[in-house]
Amino acid sequence: MIPRENVRFSKRVKSMQQGEDKVIITFEDGEVVTAAAVVGSDGIKGPTRKYVLGDRYPEEVSPTYSGKYVYRSIIPMKDALEIIGEHAGDSKTFLGHDVNFITFPISRGTQCNLVAFKYSDKPWTHHQLTKRVTKEEMVADFSEGVDKRLVKLLDWADPLQWSLHHHMNTPTYYNNRICLLGDSAHATTPHQASGAGQCIEDALVLSHVLGKVADHKQLPFAFEAYDAIRRPRGQKVVRTSQEAGQLYSFSHPEFGEDMDKIVDNFNQRFLWIWEHDLEGDLMQVEKLFSKLCDAA
Ligand SMILES: Cc1cc2nc3c(=O)[nH]c(=O)nc-3n(C[C@H](O)[C@H](O)[C@H](O)COP(=O)(O)OP(=O)(O)OC[C@H]3O[C@@H](n4cnc5c(N)ncnc54)[C@H](O)[C@@H]3O)c2cc1C
């Protein structure tokens with residue numbers, strides 16, 4: 001679909017400069033490229049966000065700490081089955097006070113993937129998003145009130161804390177000819193397993209509306225229409241995911257430890273994400289784009 005000569009690998013963007021109808025991109029290898037527009041799908045820490053939000057919303061450029069970090073572990077399935085029995089063969093979430101564990105089979109069922117969440121009200125002060133600790137420090141994070149079988153699964157974990165940051169507020173996904181897509185727009189905590197799904201929805205809607213652009217002057221209208229359709233939904237995922245984390249850790253102000261209420265909530269809280277009318281989004285973005293072009 002994309003001509004091979006238009007794809008370049010191993011390039012890192014150093015800076016961008018926006019003119020009225022073009023963007024000049026400087027790469028770290030010194031190459032300078034002029035483009036009609038830039039779509040930055042460069043992740044939670046990528047540079048594009050600064051060029052979209054920096055002038056108008058400087059406080060929203062950097063991701064904010066969500067109040068939790070995770071350890072990750074991959075356990076041979078035979079060991080996981082010995083430790084947590086039949087729970088290992090299926091996707092499972094284990095809830096606790098200020099902690100939660102998720103496990104699910106990977107590698108055609110030969111391995112069990114574990115993500116162990118630790119909630120903390122202390123700020124993340126480390127200069128990087130990940131922080132190496134000792135095995136003892138990792139285990140100490142789960143020393144109180146956690147089933148010892150789950151703690152045992154950490155025997156296979158790398159004692160590396162992965163802080164979970166997010167973009168809770170993104171006041172716009174574009175600035176004239178520069179646009180955000182994926183985590184650069186709406187990095188989220190993983191409690192609803194929807195971050196990558198939202199990136200794909202962005203790509204679907206944006207590629208559809210860009211396909212309608214007949215003249216480069218219409219590019220900002222395409223970005224405006226994309227922003228109007230995608231941003232409310234993308235940011236709602238970020239907000240509701242943070243709330244889901246409160247449910248998993250018994251810290252939600254309304255639900256607390258009430259498992260009946262929590263289970264009821266989880267049985268319906270994902271439906272708006274899973275059953276969304278994407279065809280409807282495509283129709284809406286196209287309609288809005290035409291309206292903006294006609295009004296210009
Ligand atoms: C613990 C955890 C569990 C998750 N589980 C799920 C899940 O179950 N389901 C789900 O849908 N999502 C999940 N996610 C979220 C998902 O991983 C992300 O939403 C998704 O990977 C984001 O894709 P992206 O392409 O926007 O960004 P990224 O995957 O971060 O890619 C950004 C790319 O941009 C590149 N880049 C950065 N800076 C520059 C530069 N200056 N120049 C050039 N390139 C640059 C990077 O090298 C990278 O290749 C999870 C996330 C975490 C942390």
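**View 1. The annotated stretch, residues 6-240, in a predicted model.** Over residues 6-240, the chain is 29% helix and 29% strand. The end C-alpha atoms of this stretch lie 38 Å apart. The UniProt record, an unreviewed entry, labels residues 6-240 "domain: FAD-binding". UniProt positions follow the numbering used here, feature names are shortened, and annotations may be inferred rather than shown by experiment. Helices (H or I, at least four residues) and strands (E, at least two) are DSSP runs, numbered from the N terminus. The model is predicted: local features need pLDDT of at least 70, side-chain atom pairs count only at pLDDT 80 or more, and totals for chains, interfaces and linings use all residues. Residues are numbered from 1 along each chain as its sequence is written, and side-chain values use heavy atoms, with hydrogens and water left out.

**View 2. The whole protein.** The protein has 10 helices and 12 strands. Its C-alpha atoms fill a box of roughly 65 × 45 × 40 Å, taken along the principal axes. Of its 296 residues, 44% count as buried. Buried means under 20% relative accessible area, exposed over 50%, and partly exposed in between (1.4 Å probe, protein chains only).

**View 3. The shell around the ligand.** The shell holds 17 residues, each with a heavy atom within 4 Å of the ligand. Arg12, Val13, Asp183, Gly195 and Ala196 come nearest. Helix α6 (residues 195-210) supplies the largest share, 4 residues. By class, the shell has 6 nonpolar, 6 polar and 5 charged residues. Ala, Val, Leu, Ile, Met, Phe, Trp, Tyr, Cys and Pro count as nonpolar; Asp, Glu, Lys and Arg count as charged; the others, Gly among them, count as polar.

View 4. An N or O atom in the side chain of Arg12 is 3.1 Å from a ligand nitrogen. A polar side-chain atom of Asp183 lies 2.7 Å from a ligand oxygen. Gly195 uses its backbone: an N or O atom there lies 3.4 Å from a ligand nitrogen. Taken alone, the ligand exposes 1,000 Å², and the protein buries 59% of that. Accessible areas come from the Shrake-Rupley method with a 1.4 Å probe; for residues, only the protein chains shown count as cover.

View 5. Cys293 counts as buried at 18% relative accessibility. Cys112 is also buried, at 0%.

Key: A polar contact is a pair of N or O atoms within 3.5 Å; within protein, one must be able to donate a hydrogen and the other to accept it, and residues adjacent in sequence count only if both atoms are side-chain atoms.
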